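Trainee: I would like to learn how to read a helix and its surroundings. Could we go through one structure together, with the general idea placed before each case?

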Amino acid sequence: WGAGVVLFAILTGCFPFYDPDLNHRVIVRKVKNGKVKYPSYLSAEVIDLLSSILVPAAARLDWREVMTHPWSVKVE
């Protein structure tokens, strides 16, 4: 999950669960809901990868799946 947050920040220049008022409760709610707004300039492949990482642990890809994801393979 943390790697997904870092990857999102590197690609977009901001955090996926940002709140302009820096309201901790709002940020926690966004993290729990797992809802992320993806910029239109991101490719469908990286959105697919991030949306499979920035979710609760039970639904999240493991590191092997991340490394074999089509977007990750292109980056190598």
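Mentor: Let us begin with a definition: a residue is buried if its relative accessible area is under 20%, exposed if over 50%, and partly exposed in between, using a 1.4 Å probe and protein chains only. This is a predicted model, in which local features need pLDDT of at least 70 and side-chain atom pairs count only at pLDDT 80 or more, while totals for chains, interfaces and linings use all residues. Residues are numbered from 1 along each chain as its sequence is written, and side-chain values use heavy atoms, with hydrogens and water left out.

Trainee: Is S52 buried or exposed?

Mentor: S52 is buried, because its relative accessible area is 19%. S52 belongs to helix α3, where helices are DSSP runs of H or I with at least four residues, strands are runs of E with at least two, and numbering starts from the N terminus.

Trainee: Which residues does S52 touch?

Mentor: Contact means heavy atoms within 4.5 Å, and, leaving aside residues up to four places away in sequence, S52 touches A59, R60 and L61. A polar contact is a pair of N or O atoms within 3.5 Å; within protein, one must be able to donate a hydrogen and the other to accept it, and residues adjacent in sequence count only if both atoms are side-chain atoms. In this case the side chain of S52 reaches the backbone oxygen of D48 at 2.9 Å.

Trainee: Which residues are buried in α3?

Mentor: An α-helix has 3.6 residues a turn, so residues three or four places apart point the same way. In α3, the buried residues are V46, L49, L50, S52 and I53. They lie on the same side of α3 because they cover an arc of only 165° around the axis, the arc being that of the directions from the helix axis to the C-beta atoms.

Trainee: Which residues of α1 meet α3?

Mentor: G4, L7, F8 and L11 in α1 meet V46, L49, L50 and I53 in α3.

Trainee: Where is L22, and is L22 buried or exposed?

Mentor: L22 lies in the loop between α1 and α2 (24-33), and L22 counts as exposed because its relative accessible area is 62%. Its phi is near 55°, a positive value in a residue other than glycine.
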